[in-house]
Amino acid sequence: MLGTGDDILQTWSGPEGSSHKVSPSGIRIQHAHQKRDKVAFIDFISTLLHDPMGVLQGWIAQGPWVAVSFIFLVVFIETGVVVMPFLPGDSLLFAAGVLCHGEAGAALPLWELLLVVWAAAIIGDQCNFMIGHFLGQRLIASGRIKALMPQRIKESQDFMEKWGGLSIFLGRFFPFIRTFVPFLAGMGGMRWRSFIGFNILGGVVWSSIFVLLGFFFGTIPFVQAHFEWVIIGIILISVIPAAAGALKGFISSRKKPKETQAINDDAEKS
């Protein structure tokens, strides 16, 4: 330990005898920067959830390729990175479709937007499949990824058992499930040839539906006047199936101990 007064430096040896010093004030500044970055990220996600139109307009103002790149990134991360299932893919695609009109449409043509979101959705699911195949067991065993909650994994597994390979296609329309299904498919050993067909079909259909809904219905005066409520409605409709599944799982988990106790009581009586 070296230093004078309050400015105490911690010294440790580095490669080839080099030394490095850091003060407590430096550590505090680093922590403050990390906290600020975390808050900024949370604010960005919150804004993207309740005002995707404003976020998209800001991206378009910076240039068409900036907008296209960010749209690709959000869709890819939601479908391709298992730790971020909470990104608002449905509402973002709807808002992007709305902006394919007028001046914004000149910077973001419909055909270009569709090509970008198709690619992002298909590549994202493929990436998630590979992560599950090569790293799935280790990631779940580590317990470090909070998104991989046992309840969510079980919901996705039940969904896959019910629908088989078709779950890759149908899972696109359910938040959280759309992120976990390709991951579990890769981890469970689904053949790539079986996966890729449903992946392409689901990616194209899902992204096209929400973009085209925005393109054809987003300019209706009522929708324009109540756009925030429309976005909230899209989010709620998307979340309802997942919430219903969670409620069903909770009720089932409460029933099982009672059924087990009843069986034990009957066994004791007999």
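Trainee: How many aromatic pairs does the count come to?

Mentor: In this predicted model, the count comes to 8 aromatic pairs. A pair of aromatic rings is described by the distance of the centres and the angle of the planes. Take Trp59 and Phe70: their ring centres lie 4.8 Å apart and their planes stand at 15°, so this pair is stacked.

Trainee: Which helices hold Trp59 and Phe70?

Mentor: Trp59 belongs to helix α2 and Phe70 to helix α3, so the pair ties together parts that are 11 residues apart in sequence. Together with Phe44, these two residues form one aromatic cluster.

Trainee: Is Trp59 buried or exposed?

Mentor: Burial is read from the relative accessible area, and buried means under 20%. Trp59 has a value of 5%, so this residue is buried. Phe70, at 32%, is partly exposed.

Trainee: What kind of pair do the rings of Phe159 and Phe174 make?

Mentor: Planes over 60 degrees apart count as edge-to-face. The rings of Phe159 and Phe174 have planes at 65° and centres 5.4 Å apart, so the pair is edge-to-face. Phe159 lies in helix α7, whereas Phe174 lies in the loop between α8 and α9, so parts 15 residues apart in sequence are tied together. Phe159 is buried, with a relative accessible area of 11%, and Phe174 is partly exposed, with 22%.

Trainee: With what is Ser167 in contact, leaving aside its neighbours within four places in sequence?

Mentor: On that reading, Ser167 is in contact with Phe159, Met160 and Val181. Ser167 is found in helix α8 and is buried, with a relative accessible area of 0%. Distance in sequence and distance in space may be read side by side here: Ser167 and Ser156 are 11 residues apart in sequence and 9.1 Å apart in space, C-alpha to C-alpha.

Trainee: Which residues touch the most other members of the largest nonpolar core?

Mentor: A nonpolar core is read as a set of buried residues joined through their side-chain atoms. The largest one here has 38 residues, and Leu56, Trp59, Ile71, Leu113 and Phe227 touch the most other members. Among the elements that give two or more residues to this core are α1, α2, α3, α6 and α12. A second, separate core has 17 residues, including Val82, Ala147, Met160 and Met187.

Trainee: With which residues is Phe227 in contact, apart from its neighbours within four places in sequence?

Mentor: Apart from those neighbours, Phe227 is in contact with Met53, Phe94, Ala95 and Val98.

Trainee: Which residues form the nonpolar patch on the surface?

Mentor: The patch is made of Ile209, Leu212, Leu213, Phe216, Phe217, Ile220 and Phe222, which together have about 650 Å² of accessible area. Helix α10 supplies the largest share, 5 residues. Phe217 lies in this helix and is partly exposed, with a relative accessible area of 45%.

Trainee: How many helices and strands does the secondary structure come to?

Mentor: The protein has 12 helices and 3 strands. Of its 270 residues, 36% count as buried. The accessible surface comes to about 15,800 Å², and carbon and sulfur atoms account for 66% of that area.

Trainee: What share of the contacts between residues at least 6 apart in sequence join residues at least 24 apart?

Mentor: The share is 72%.

Terms used:
Residues numbered from 1 in each chain as written. Predicted model: local features only at pLDDT ≥ 70, side-chain atom pairs only at ≥ 80, totals over all residues. Heavy atoms only, no water. Core = buried A, V, L, I, M, F, W, Y, C linked by side-chain atoms within 4.5 Å. Buried < 20%, exposed > 50% of the residue type's maximum accessible area, 1.4 Å probe, protein only. Helix = DSSP H or I, 4+ residues; strand = E, 2+ residues; numbered from the N terminus. Contact = heavy atoms within 4.5 Å. Patch = residues over 30% accessible without salt bridge, like charges linked within 9 Å, V, L, I, M, F, W, Y side chains within 5 Å. Areas by Shrake-Rupley, 256 points an atom, 1.4 Å probe, with all protein chains shown as cover. Salt bridge = Lys/Arg side-chain N within 4 Å of Asp/Glu carboxyl O. Phe/Tyr/Trp six-rings, centres within 6.5 Å; stacked < 30°, edge-to-face > 60°.
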